[in-house]
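Hello,

I am passing on the structure we spoke about, and below it you will find my notes on what turned up in it. Please read them with the model open beside you.

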Amino acid sequence: MELKQQLIREMIQYETGAPGRIQHFLKVHSFAELIGKGEHLEEDVQSTLEIASIVHDIGIKPAMEKYASGAGNLQELEGPPVAEEMLTKLGCPQDVISRVSYLVGHHHTYSHIEGIDYQILVEADFLVNLHENQATEETILNTYHNIFKTETGKYICKTMFGLEEK
């Protein structure tokens with residue numbers, strides 16, 4: 001079984017009893033894959049992006065257990081060690097584990113985004129969160145203008161939410 005498929009199964013198992021979180025990471029993965037392919041990423045960058053998108057919120061569970069909060073900064077703190085352990089168990093290469101760990105530990109930090117994989121992960125997560133959180137049109141427009149940088153991500157956001165340029 002391919003690594004990404006094994007990882008998805010592991011994450012579904014990890015998130016047992018949390019269907020909202022399972023559906024969330026599957027949607028983020030789909031958007032990350034779509035945006036990455038639309039931006040013609042190199043194969044290794046695309047693969048790392050997709051792996052990161054699958055585990056990006058892995059820190060919610062330990063943050064909830066330790067702090068009774070799934071706040072973004074707590075996810076960034078608690079997620080990397082859990083992701084590293086899971087990816088190591090699946091035999092993921094160390095350079096990929098290191099980059100994924102970095103992305104998991106920064107995916108709620110929107111200043112100093114370094115790398116196209118980081119940018120796309122943030123965009124994919126926003127596409128899902130804006131819908132799941134029933135964001136207002138004003139919030140969606142602000143996010144579109146301040147967060148989205150890739151042509152594919154901008155197209156999806158603009159089209160999905162029916163944005164009019166203002």
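Glu-10 and Lys-89 form a salt bridge, in which the closest N and O atoms are 3.1 Å apart. Because Glu-10 belongs to helix α1 and Lys-89 to helix α5, this pair ties together parts that are 79 residues apart in sequence. Please keep in mind throughout that this is a predicted model. Of the two partners, Glu-10 is partly exposed, with a relative accessible area of 23%, while Lys-89 counts as exposed at 61%.

A second salt bridge joins the side chains of Lys-27 and Glu-132, with 2.9 Å from N to O. Here Lys-27 lies in helix α2 and Glu-132 in helix α7, so the pair ties together parts that are 105 residues apart in sequence. Lys-27 is partly exposed at 32% relative accessible area, and Glu-132 is also partly exposed, at 32%.

Glu-151 is exposed at 55% relative accessibility, whereas Lys-154 is partly exposed at 25%. There is also a network of salt bridges that links Glu-2, Lys-4 and Glu-50, and the count for the structure comes to nine salt bridges.

**The nonpolar core**

The largest nonpolar core has 44 residues, and those with the most contacts inside it are Leu-7, Met-11, Val-55, Ile-58 and Val-100. Helices that each supply at least two residues of this core include α1, α2, α3 and α5, but α7 gives the most, with nine residues. If we leave aside its neighbours within four places in sequence, Val-55 is in contact with Leu-7, Met-11, Ala-83, Val-100 and Val-104. In soluble globular proteins, nonpolar side chains tend to be buried together.

Which residues are buried in α8? They are Ile-140, Leu-141, Thr-143 and Tyr-144, and because they cover an arc of only 165 degrees around the axis, they sit on the same side of α8. What covers these buried residues includes α7 and α9, while the face turned away from the buried side carries the exposed residues Glu-138 and Asn-146.

**Cysteines**

A search of the whole structure finds zero disulfides. Cys-92 counts as buried at 7% relative accessibility, and Cys-157 counts as buried at 0%.

Best wishes

Note on methods
Residues are numbered from 1 along each chain as its sequence is written. This is a predicted model: local features need pLDDT of at least 70, side-chain atom pairs count only at pLDDT 80 or more; totals for chains, interfaces and linings use all residues. Side-chain values use heavy atoms; hydrogens and water are left out. A nonpolar core is a set of buried Ala, Val, Leu, Ile, Met, Phe, Trp, Tyr and Cys residues joined through side-chain atoms within 4.5 Å. Buried means under 20% relative accessible area, exposed over 50%, partly exposed in between (1.4 Å probe, protein chains only). Helices (H or I, at least four residues) and strands (E, at least two) are DSSP runs, numbered from the N terminus. Contact means heavy atoms within 4.5 Å. The arc is that of the directions from the helix axis to the C-beta atoms. A disulfide is a pair of cysteine sulfur atoms within 2.5 Å. A salt bridge is a side-chain nitrogen of Lys or Arg within 4 Å of a carboxyl oxygen of Asp or Glu.
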